[in-house]
Amino acid sequence: MINSFKCSAAGGNTGVDDCSLQISKIVGFFLVSKNFVLSAADLASDATLQAALIAAANADSKALRAFPVHQLVDIADNTTDPTEQTFGYGPSVIVAGGMYNWTFPFLRGGLCLLKALKTFNNTDTRPIFYDSNGTLFGWKVGDTLKGVPLNQFYANDWRPNTGAATMVTSVKFTLNPRYLNEELGFYKVTDFSLESIEGLQNVVLKQTGVQAKPVYKVTAAVGCSAANIFDQYSVELAAAALWRAKNKATGAAITITSVAADANIFGFTVTLDSSDTGYPAVGSIELSLAPVSVLKAAGVTGLESVPLTIVNVA
Amino acid sequence: MKQPLVIGFNREWALNAGKEKFLKHFKDAYPGHDLEAEWDKISPPNKKVNTPAVEAEK
């Protein structure tokens, strides 16, 4: 359960037991929405927590999804000191607390990950952090764990390699310390690695070859290196049920009549029903793969497609 | 020209469309492919069921 580490009872007593909780190096985080919650049931055990995090990382809806970032390599702690007022006779008092200001460089993922993280700039995204000892920590609300409200999340512009230092990609968090002090929530994981919870990768669909509507030939590539996934998923993705087509102007679904794994193009031949009322003889069609959960059930894991716009001309 | 490796037909659409429309719809998408055989996979031809009358004929 949340906060099961057996510290001394609350209430200001200062006696301590034989062990103490120390937050070690922060090595990763999950970005979540303000409505995201790890419930008491999710936090009942390592197994339930693992299942909840995997489900969250693979959620169909981005509003419910957790976006993992792992292998942070450093921290620049620019936490501001509390504001102190000194009186004429000498005494001083703290009048306002400081503000956590943390910048984490990362190497794994590089520019592609940075580009993805920049889409969270100027949004109300919230982190749940974890340290090198497997302590997941964030904002405790009742018996639940939530993402920490931030003053700001900012994925910084990359800094160039100077010859003495490598290119720097980094993210910055500024937050009120009370969320991780008085309102700290944590869970110590022992049976699995939080780093094993991977985020989704984008599948980019591209048209290829000569189009002869309603037959469309596309390739599917993943990741920064644009690796073609034909070899890995040609059999699984040769299924009409794993694709979606809709009229881009009206949103009307268009029936897909077949999908073939096509070795001629190292991609897929997608055939639509041109007699479907949603099908535009002239106009734009949005083609994509099925939602994450449908793909996962068919054995295509960790992927979400970016919709492809196909333009039918007269 | 190499033929497609695997074709995933929308079975529900195919059964609603019927054989003639199925063959016409896909003849340009999969030229030279045995669409009759694909149709038979989706909607197998009727086989003579072993009834007492059939058995009596033997």
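Which residue in strand 1 of chain B is the bridge partner of Ala260(A)? Here is a short tour of the interface that leads there.

1. A word on the model: this is a predicted structure, in which local features need pLDDT of at least 70 and side-chain atom pairs count only at pLDDT 80 or more, while totals for chains, interfaces and linings use all residues. Residues are numbered from 1 along each chain as its sequence is written, chains are lettered from A in the order in which they are written, and side-chain values use heavy atoms, with hydrogens and water left out.

2. The partner of Ala260(A) is Ile7(B). Strand 18 of chain A and strand 1 (residues 6-9) of chain B run antiparallel and are joined by four bridges; strands are DSSP runs of E, at least two residues, numbered from the N terminus, and two of them pair if DSSP finds at least two bridges between them.

3. In terms of contact (heavy atoms within 4.5 Å), 21 residues of chain A meet 15 residues of chain B. About 1400 Å² is buried between the two chains, with carbon and sulfur atoms giving 56%; buried area is the accessible area (1.4 Å probe) lost on putting two parts together, summed over both. On the chain A side, Thr257(A), Ala263(A) and Asn264(A) lose the most area to chain B, together 31% of what that side buries.

4. Now the polar side of things. The rule finds nine residue pairs in polar contact across the interface, both residues at pLDDT 80 or more; such a contact is a pair of N or O atoms within 3.5 Å, where within protein one must be able to donate a hydrogen and the other to accept it, and residues adjacent in sequence count only if both atoms are side-chain atoms.
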